[in-house]
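Hi,

Here's the structure I promised to pass on. Have a look at it, then read my notes below.

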Amino acid sequence: MGSPNIRDLLTAFSPSSEFFAISSGDGRIKIWDTLKGQIQTEFVDIAANDLTDAFMKLDKGHLSVDYTCMKWLDLGKKRKRKHGGSLIVLGTGGGDVLALDVASGELRWRISDCHPGGVTAISFSEKGSRVYTGGADGMICEIDPVTGNSLKRFKTSTKAISSISVSSDGSVLASASAQVKIYSCSDQKKIQKFSGHPGAVRSMIFTNDGKYALSCAAGERYIAVWRVDGSKTHSASCTLSMEHPAVYLDSRCFDNGEEDLKGLYVLALTETGVCYFWFGQNIEELRNSIPAKVSLSIEDSVLKNHHGAPTILAAKLQGIPSRASGHIFMSHGLLVKPLFQKILVHSGKNMNLNSSLDGILLPTGQSLVRAKRGQDVRNKVTALDRANAEDALHPVPTFTDLGETKKPHQYSGIDPDDVIADIVNSRSQAKSLGSEQMRDDDAEVGTSTICLEDQLRSLGFIGQNDGSFDRSAPDPAFFKDINLEANLSNKKIRDAILSMGASDAYNLLRKLLSLWQSRSSNAKLVLPWISRILVIHSDYVLSQEPMTELLYSLGKTAKARGAAIQPLLQLVGRLQLVAAQIDKATHDQTRDSLHERQADESDDEDEDIDHVFYRDEDESGQTSNDTDDE
Amino acid sequence: MIRGGKSYVSSPPAFSNDAKRLLVCTGNTVSVFSTSTGLQMGSLEGHVALVTSVIVVPAPSPAGRILCYCWTASLDGTIRYWDFSTPELMKTVDVRLPIFSMVIPSLLSQQNESSEKASDVFAYISVENIRAQETQPKALRGQVRKCNLTKSSLAGGVTLKETKKPEYITISSSGEFFGILDKQKLHIWKVPEIESERVVLKRIDLHHTKKFTVFAFHPTQRIVAAGDVTGRILIWRGFGKRTFSMGDGQANGRSINFDEDKPGVRGNDDADNCSTWHWHPHEVNCLVFSSDGAYIYSGGREGVLVVWQIDTGKKKFLPRIGSPLLYFVDSPDPSLASISCADNQIHLLKMPAMEMLKSISGIKLPFSPPEAVSSLCSGCIFDQKAGVVALHTENYGIQFYSLFDDHAISEVQVCERNHQPGNEITVVVTQLALSVDGSFMSTVEVRLPEEDIGGLVCLKFWTSDSQDKHFRLLTVIYEPHRDSDISAVAFRPTQLMAVTSSFGGDFKTWVCGNEIQKGEVQNTGWTCYAVGSYKKRPMTAATFSADGSVLAVAAETVITLWDPDRNILVAIIGDAFTPIKTLSFLGQSGYIVSASRGSRPQLSVWSLSKLSKLWSYSLQIEAVTCLGDPSTFAVLALLPKLATESQGMALGGRDGAILAFDVNKPDPMAVWSVRKAEGGALAFLQGSPSRENFTQGKTSRGLLAFVNGDHEYVLFDPYSDEATEHGVAHRKGLVSEETEKYGYSSVYGELQEFNHERNQTAEIIIAPSEKPWATLFSGSSQTLPPLTKLCSAFLESLLEKRTAVVE
């Protein structure tokens with residue numbers, strides 16, 4: 001079905017936004033309670049239930065009624081009724097006009113054959129004292145909403161009327177087919193005429209001060225703003241463009257009153273279910289303003305192609321809380337289960353709403369599984385027993401993760417006291433260094449070589465804060481099935497990664513990267529894993545890239561380390577030279593070890609990087625070793 | 001001014017003749033609901049007190065079904081006649097006695113005598129005799145009287161029966177008999193054929209050993225059924241044959257003793273036989289014969305509707321209604337009936353399948369928690385931005401109710417267990433807190449120990465999405481403070497942090513851990529962040545300041561201020577007499593208001609910058625809220641019992657007052673007196689109803705919401721004059737009452753201020769009083785301050801008085 005289309009949908013909010021009426025073309029009208037998000041009433045078969053009209057009973061059920069337009073009218077407070085004044089006025093393709101009393105669920109009145117050829121538009125002023133209907137016969141009919149009596153009829157066009165609108169004070173009426181004509185309500189005289197729309201106008205409204213009329217035609221990708229002043233200008237004073245034709249318009253205009261709210265606010269809903277919101281202090285500013293777009297993001301690619309995908313069904317400008325922003329009350333989701341939400345939109349800032357999959361029938365397969373997993377994550381409940389406060393130390397410096405708070409002793413953060421003690425120890429008796437290293441060895445089971453960096457770290461020479469990433473300790477749960485320290489063969493690594501899910505592998509990749517960056521693990525051990533993950537799960541990693549920029553940081557790290565190869569090689573060469581000289585001089589056996597080292601470095605350049613980065617220490621260490629040897 | 005939150009189940013509703021509308025007594029008004037949609041269509045407004053009866057005038061013929069007339073009776077002592085299709089008052093009859101129940105027999109029997117239009121319409125009303133109030137407590141205050149509605153007068157001198165309290169009158173559907181219950185007796189009167197003002201009504205009595213709760217007449221036969229407190233239903237057949245068929249007077253019929261076999265009938269009661277059915281485990285609340293007389297519908301506290309076949313006694317059930325049944329009302333349409341439940345819901349039933357078609361549900365009514373935990377329970381909580389109140393419900397849940405729309409939004413089941421209406425409550429949700437944006441909720445539930453075993457306190461954190469307002473559980477913490485109970489829960493306005501304080505002498509702050517997964521932030525759960533205590537004293541209240549920088553925890557009588565991030569005790573303020581119950585910061589200004597209850601209730605305002613008390617009152621405070629302006633606040637105070645009694649009538653049953661204060665002045669800016677203040681709540685709602693947005697230009701600063709003990713509420717703008725209807729009139733009276741009662745403090749200000757180290761002589765309140773000397777030395781000597789202190793204060797008070805006079 002492709003992109004969603006809400007063109008054929010009839011929607012109406014009640015004036016107080018308490019209820020929402022929707023009719024999707026099957027002759028049923030559903031009233032939703034927007035507070036509870038539940039269906040309140042359903043109107044089926046209204047025409048057939050109408051006992052006064054004998055021949056209508058011959059029709060077969062609701063499917064024979066074809067509604068063409070719907071408006072929600074509040075008769076207001078003059079009768080001091082809270083709900084009783086709520087009417088839904090409907091026009092049918094057969095030319096009848098119906099009014100439903102929402103509270104009692106009954107037909108209030110009906111005018112049969114008001115507009116032969118079909119009712120096309122309904123409008124009324126804010127006070128709700130008169131209802132106007134326009135029809136395919138080019139006539140406009142004025143109706144008393146309380147009694148349902150037709151008061152006046154007059155012809156405005158030889159063609160079919162496609163849209164009408166009454167200004168909020170009820171004095172001016174606009175009727176449109178392709179040409180927009182403005183009439184005075186009291187004497188039905190034509191005041192003004194605007195032409196420019198090539199096709200039939202689909203939606204048209206007056207701003208609430210009645211100074212401007214906004215209209216958009218079927219198939220047109222812009223809204224025309226016309227100035228209603230009785231002058232002879234026939235062209236639009238400004239146009240607002242969109243990506244798709246609009247089906248619904250709303251506007252608010254503050255001319256006087258508070259200075260900071262002053263301006264013109266326009267809301268439009270396109271037939272693809274995207275909301276546009278413009279703001280301009282005056283008409284010139286409005287013309288150049290950039291709209292805020294509100295759309296529904298659909299995560300699941302399967303759903304996009306699915307019939308009846310969730311979209312924005314209806315929207316309404318509810319209030320202006322501050323300058324250049326608006327409260328939009330909207331209904332979005334699926335036809336079977338719309339959701340209601342009030343959102344705050346700022347001019348020029350696009351918004352994405354999350355869609356919910358409530359009430360949708362998912363196509364079976366992977367998406368269902370994924371959705372289920374998502375559900376599980378959502379429903380996860382943590383339970384703590386009475387030992388809940390054991391870890392709560394007064395000022396805990398790094399208190400970020402739940403997993404850590406449960407197991408505070410998993411922090412591998414080095415206790416400053418310990419470090420100081422170590423340093424003192426190492427100074428007082430250099431020999432004990434070996435035993436220290438032994439202890440480190442014990443801590444890192446299976447590490448065959450003693451990394452100089454680790455040694456330095458344990459002595460506190462390397463600061464704790466040089467890693468840009470969160471230096472959280474490796475989560476043991478993550479590595480429980482992967483023994484990083486074990487020098488696995490490439491094949492085994494590949495198997496292990498293949499067995500992992502994409503997201504798990506991605507998380508592992510993140511952890512590995514932070515390990516590598518923070519040098520808490522040997523690069524030689526980490527890099528094979530990283531490369532394997534990148535090879536096998538490249539798709540998923542790429543899809544996550546925009547959000548996390550993991551690859552970017554990976555690349556940056558690799559580059560930084562790679563840049564150090566050249567000086568390192570030089571250093572190696574020099575060392576070799578020195579070693580050769582020493583060798584020559586002393587005929588010692590050290591050459592072997594150096595050759596080994598060299599071989600290592602050429603094998604795995606990343607291995608070098610570790611040494612290079614701290615080459616100052618490295619060098620000094622080496623040289624001091626050398627001098628010692630000498 | 002928006003009112004709402006009315007009880008729909010204070011009296012039985014009534015169906016209109018076409019059964020398309022349901023008339024429900026809602027407080028001072030009668031609301032008309034549509035039975036097909038369950039929405040309110042209109043209301044009859046005019047009564048000034050609770051409406052107790054509504055009677056729809058039955059249609060004499062099928063054509064007259066569209067007639068929409070009804071009689072209503074109210075506690076304000078009037079009977080009114082309405083056309084409810086276009087809500088219009090047609091007639092008012094003033095009886096001047098509070099009417100608790102009314103029946104109009106002639107309406108029901110009018111079918112056959114509709115030709116005689118001249119006859120007056122008489123109503124039988126159950127009234128409370130207010131004149132009997134002043135005499136001894138055993139006075140019979142309830143009276144059944146007769147009223148001529150056509151002539152708008154009480155039938156002179158006719159009092160059918162006097163009872164201890166006003167009873168509910170039941171009438172048979174033919175209008176032939178009516179009766180009342182009086183403890184273990186049933187009084188039935190026969191309506192005379194020709195009604196006149198002074199006709200003597202015949203009466204029979206039926207006796208039982210248990211207290212009756214409800215009874216009903218058979219529509220055609222002489223059968224009466226009555227339910228009692230133990231759940232039994234007694235059915236008398238052929239009642240009143242002797243008395244009512246005899247042409248002679250009552251006394252004559254009484255003396256004759258027929259020597260026939262009357263199975264089950266007690267003593268000399270006038271009935272053929274009596275049978276008993278027993279199914280209900282608890283008292284029977286509603287009992288109705290079906291319109292054809294073949295069935296009896298009964299319901300009680302256990303929330304099951306039982307249908308009895310009269311001839312065989314066979315039963316059918318509609319279980320799982322979930323709340324005690326109060327009333328069952330049959331409609332003129334045989335396929336529709338309604339049941340009213342104690343949880344403020346009216347269910348429309350499709351008969352005879354007994355299928356629920358629609359429910360009309362209102363705000364959940366308050367319930368009384370068990371004694372053991374009632375002191376722990378907090379009142380309702382407001383979401384001040386959205387205008388939503390969250391209330392505890394009896395079935396271990398939370399109801400969210402929109403104050404602007406007078407409409408329930410959703411319910412959250414805090415505890416996963418079924419609620420059986422009849423059972424004893426074992427779990428109580430005691431505390432409730434909402435974060436400022438309304439996305440997090442925290443609840444505390446207490447499982448009551450059975451024989452001192454199995455008590456459990458449980459803290460839960462909930463979260464909701466912005467789209468659907470349904471809360472889901474995030475974290476459960478069992479026994480967050482070991483065994484001790486939690487006294488308060490509060491959220492920090494700026495961050496995801498909450499605090500719980502316990503009577504066990506410590507408070508804990510909780511934080512929510514976030515985890516980024518698939519690019520979106522997910523809350524993983526709440527964990528304890530820090531623990532604090534102060535001298536091991538019980539912590540009785542806790543709150544965060546509006547900017548979240550200060551945490552205030554009341555350690556019984558002192559307020560301790562903490563830095564919530566580093567968990568460092570910053571300062572300690574002052575001393576109250578009794579443990580502080582409520583703490584609240586006043587917006588961004590550096591003031592904190594504390595309220596304590598108990599033997600020496602107190603409302604105090606403290607300055608955080610000076611760490612000292614500004615002023616205080618001896619008032620029993622129910623709720624405190626900060627008004628939109630940072631330096632003003634409003635409190636809901638209970639008037640002292642003594643004062644309400646002495647002023648009784650003048651206050652018109654109002655037992656509380658809302659006082660608006662400016663921090664800098666102890667004189668209240670405004671006073672509104674209210675009813676049923678006990679258990680009430682107060683909040684300042686920042687938003688405004690959505691429909692107000694249409695009338696742009698008029699920006700309201702917010703509304704003050706007051707929810708009373710019965711969960712009725714009113715929203716008003718505290719800054720406009722509209723709401724000050726009562727306030728001004730009672731203002732003087734209130735303040736002077738205060739001073740008369742607390743003689744010392746009226747002269748010397750708060751005694752405690754003298755004990756305070758800091759110099760605040762300028763801030764001592766001197767409330768003006770007419771005769772301070774009368775009560776000056778009437779206290780016991782040990783409570784008087786030392787003479788040295790007394791003297792200076794006394795002189796000072798004189799000086800203050802002098803200046804006041806000059807002003």
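What follows is a short tour of what turned up.

First, the ground rules. This is a predicted model, where local features need pLDDT of at least 70, side-chain atom pairs count only at pLDDT 80 or more, and totals for chains, interfaces and linings use all residues. Residues are numbered from 1 along each chain as its sequence is written, chains are lettered from A and ligands numbered from 1 in the order in which they are written, and side-chain values use heavy atoms, leaving out hydrogens and water.

Now the records. An unreviewed UniProt entry annotates "domain: Pyrrolo-quinoline quinone repeat" over residues 85-162 of chain A (such annotations may be inferred rather than shown by experiment). That stretch is 0% helix and 51% strand, with its end C-alpha atoms 28 Å apart (helices are DSSP runs of H or I, at least four residues, and strands runs of E, at least two).

Residues 72-92 of chain B are 67% strand and 0% helix, and their end C-alpha atoms lie 10 Å apart.

Thr220(B) is exposed because its relative accessible area is 67% (exposed means over 50%, buried under 20%, partly exposed in between, using a 1.4 Å probe and protein chains only). Its C-alpha atom is 9.8 Å from that of Glu176(B), 44 residues away along the chain.

Cheers
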